[in-house]
Amino acid sequence: MSNENNKAAKIFAVINIIAVMAVLFGGAAYLLILPHETVAEDENRKLASFPEFSAENYIDGSFTGGIADYFDDTVPKRGDIKRFIASDISPLKGRKYGGDEEGAELYGIAFEHKETAPTVVTTAVSVTQPVSTHTIATGSVCTSTAVTTAPIQVEEPAAEGGEINSNILVVNKRGLPLYPGGDVQGYADTINEYKQKLGDVNVWSMVVPTAGGLYMPSNYKSLAVDERNDLNEIAKGLNGAVAVDAFSVLAEHKSEEIYARTDHHWLALGAYYSAKTFTEAAGLPFKDLSSYEELHLHDYLGTFYGYTQSASLLNNPEEFVYYRPKNEETVTQYDTAFRDPLDVALLVPSGNMTPSGYYYVFGMDNRIAHVHTNTGNGRKLVIFKDSYGNALLPFLTYSFEDIYLCDMRYFDLNAINFIKQVKATDVLFSMCIFSATGPNLSCLKANLYK
Amino acid sequence: MVFSRLFFIYIFLPLCLSAYFIARGTNAKNNVLIFFSLVFYAWGEPVYIFLMLFSAAVNYFAGRLIGRFGDSGKSRLTAGLAIFTDLALLGVFKYSGFIMENINSLFSASLPVPDIRLPIGISFYTFQTISYVVDCLWENVSPQKSFRKFLLYISLFPQLVAGPIVRYSTIEKEIDQRHSSIADISCGLNRMVLGLAKKVIIADQLSTVADSLLGGIENATAAAAWAGAAVYALQIYFDFSGYSDIAIGLGRVFGFHFDENFRHPFMCKDITEFWQRWHISLGTFFRDYLLYVPIFGKRRKYGGLFLVWLCTGIWHGASWNFVIWGLYFGLFIFIETLTGKKRMKKIPLVIRHIYSKAVIIVGFGIFYFEDLGRLGTFFRKLFSTEKLIGLQDKILLMNNLYLLILAVILSFPIISGIQKLSGRFCAVRTASSLALPFVSAALLLLSSVMLVDQTSHPFLYFRF
């Protein structure tokens, strides 16, 4: 190589060093100087905080590990960076199946199902543990830590166990969970046992389908077990308890905004139609939407986006519509053992809301809520539910004088004793089909014997 | 601490580079490297750092004693004791739980199973210390007189936690005298960035595809089993070779020239060649220190071969699937050895490529499944005719089509091809030289933002 070439090579090498070093040292300045993020709204969690030093922390590595976590987790403009990856980088990995804008993307593990619905739940994929230091439930799925009467928090305690199923199909700009089937007979038997122990109390079962059960395009139906079929099997298996057919009414209204596209929950309108069906079955009064104030969250991106980071969802946020009843009611919140009452609002005050999170609207799961209304009909309802059930609550306030909303996963009392203690006339089991036939079923069973 | 963390890239590394290049003279630079290497290790292992220091001290003194005793029985005894100590530490910290579990299950016993967390990098630094002691015994190297310099060799952070297994002879002279030229620093930084990109942009993305295809093996199709194992093989390649690239690149920035650890292994035509291209530093370690141990008498060629592959397997992890994995490759190498090079070469090239890739893919399936029950299911699925390909497989593969194509292309020697062209054509050289700074900076930035994305831990999702 000539001297001239050597010189040129050296110049290029210097330029290269400067370029890489500029990124390294620029990145260092970016991390050290700019203010760090503290909350990830799209993930609904607090970000890592700088660890406190102690000899114990140091020895077990959590102090040094915590510092690295802090810098990694709280990068300035983290949300913008993640959105950039979701919208501009991730789509470069491949094409949607079907090829066009409406094509399909698959997240997690899926497999095709035979015609007959299997009864075994597949191994769920665990979601990485958060770095946050929030209060989290420990032990089994349905055992919660003692909860104090703190103001409503954004996050909900994490339940350990296999209830998380991360298999999602994104198609037609909508996330659809892939139902793997479950213990249909086990659910029916459990509800029957409740009915047997409760005697004259009315026992209702309203298992709710997911968006996957209603919106799955026919060419992808083989990826999930037929939810309708399992719901029918549940209804057939009930003895004494009454099945409320939410599927039919939701299917009737599926062209309306009854399920979130970017979140695994239903929307308030879906809960409204289901509540109406339930109250009709129970022979109770029900008010239409004119008796509610309509509220909106704009540009809502829910849990499906949080999990998949799909550009199809990111670029198509939705309108989250919910309703506040105009009647007078008092809401008291208790811990999971029905202690430490605290007066709260039925819905989270709008001033506290940000455009993310079903829980921002409907609060949390790890509290027992007691709603006393001015209905004055003497009907007292206990609801055992999962997070789907939260959206039902506003629409039952014209139908029952007292409603006790209990999450079956965070309940530290004997369910039968509790129902008797509050002199309930009706008990409603309302949850999505994943909860009813999946691992959460064990909580429902366990609550009978606590 | 691991390389693919923002904290390492943007806090630790700039600090280390600054201190290193401010320091004047090799001695001061060595001190900087020792300091940062110990901080690097202690960051992840605040307690086990003493284990590494102990191991370094034992082998340092063994080297000194071997040097003093010369070619004598005392030297061999010293080397034997040092190697025994090294292997005992590895055995206790890596294999004791596995051994006790198997004793319990074999003899229906209920002996306590120790729950010892594996110290980071112990497999790598133990092999380095063993190679050093044996090389001292065989007089391939002169024992290092300075503990500080020996500690630098053992603890040098670029290769400490994920290899390659660097021989003392490779960096013996550079410990005392080295110079980081502009070209070294530039090439080293590029290599480091390339390694990071291979790990973050390719391997980490492939891992979700592999997990999606293999995670539900009980319900997978034959296509999912084959494709999943193939994607996993690519993932491991980009992951491991990416780490090696970072190590080699950082080493070069600091003036060290480590040997290559991967040479495009999927280009191989048979399994013997595959292992000449894959994790070279481990293969050469076993070749040089274990293959011809005289414990098998006249059959030592084949006995040694299976011993090597048993050890190769178990080195990768304390689980039976790794043992099977090692012996599986050993078996094919044994068959190829029996067949002979000449007869192997007579087999049409296409057949050899198909054969080698099929063996490699199945091999990485064995590597993936630590649960032997699921491994058995994987084998059944490979040859299942029930359903060849499912809708979910088609969607997944289509969703990741470009990533998979990119991974396959980049597993070929594209970069060395460009470098060769640069040597021949001035225009290519100028264009690549001009593009390189932008490409490197862009890859570093892209890797970084993807690392930010990886910190995403959706909380409470799907708890209905």
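# Reading a two-chain predicted model

User: What makes the radius of gyration of chain B agree with that of a compact globule?
Analyst: Chain B has 464 residues, a length for which a compact globule would have a radius of gyration near 23 Å; the value for chain B is 23 Å, so the two agree. The radius is taken over C-alpha atoms, and the globule rule is 2.2 Å times the number of residues to the power 0.38. Along the principal axes, the C-alpha atoms of chain B fill a box of roughly 70 × 60 × 60 Å.

User: Thanks! What should I know before reading on?
Analyst: This is a predicted model, where local features need pLDDT of at least 70 and side-chain atom pairs count only at pLDDT 80 or more, while totals for chains, interfaces and linings use all residues. Residues are numbered from 1 along each chain as its sequence is written, chains are lettered from A and ligands numbered from 1 in the order in which they are written, and side-chain values use heavy atoms, leaving out hydrogens and water.

User: How many helices and strands does chain A have?
Analyst: Chain A has 16 helices and 15 strands, whereas chain B has 21 helices and zero strands. Both kinds of element are DSSP runs numbered from the N terminus: helices are H or I with at least four residues, strands are E with at least two.

User: Why is A:Arg409 called buried?
Analyst: Buried means under 20% relative accessible area, exposed over 50%, and partly exposed in between (1.4 Å probe, protein chains only). A:Arg409 has 0% relative accessibility, so A:Arg409 counts as buried.

User: What makes A:Arg409 and A:Asp407 a salt bridge?
Analyst: A salt bridge needs a side-chain nitrogen of Lys or Arg within 4 Å of a carboxyl oxygen of Asp or Glu. The closest N and O atoms of A:Arg409 and A:Asp407 are 2.7 Å apart, and the pair forms a salt bridge. As background, side chains of opposite charge can pair when their charged atoms come close.

User: How do you know that A:Arg324 and A:Glu293 form a salt bridge?
Analyst: Their closest N and O atoms are 3.3 Å apart, and that pair is a salt bridge. The pair links distant parts of the chain, with A:Arg324 in strand β9 (residues 318-325) and A:Glu293 in strand β8 (residues 292-300), 31 residues apart. A:Arg324 has a relative accessible area of 28%, so A:Arg324 is partly exposed. A:Glu293, at 36%, therefore counts as partly exposed as well.

User: Is B:Glu273 buried or exposed?
Analyst: B:Glu273 has 13% relative accessibility, so B:Glu273 counts as buried. B:Lys269 has 26%, which means B:Lys269 is partly exposed. The side chains of B:Glu273 and B:Lys269 meet in a salt bridge at 3.5 Å, N to O.

User: Which residues of chain B are linked in a network of salt bridges?
Analyst: The network links B:Arg191, B:Lys198, B:Asp245 and B:Glu260. Over all chains, a search of the whole structure finds 27 salt bridges.

User: Why is A:Ser49 called partly exposed?
Analyst: A:Ser49 has 47% relative accessibility, so A:Ser49 counts as partly exposed. A:Ser49 lies in the loop between β2 (45-46) and α2 (55-59) of chain A. The C-alpha atoms of A:Ser49 and A:Thr74 are separated by 8.2 Å, with the two residues 25 positions apart along the chain.

User: What share of each chain is buried?
Analyst: In chain B, 56% of the 464 residues count as buried. In chain A, buried residues make up 58% of the 450 residues.
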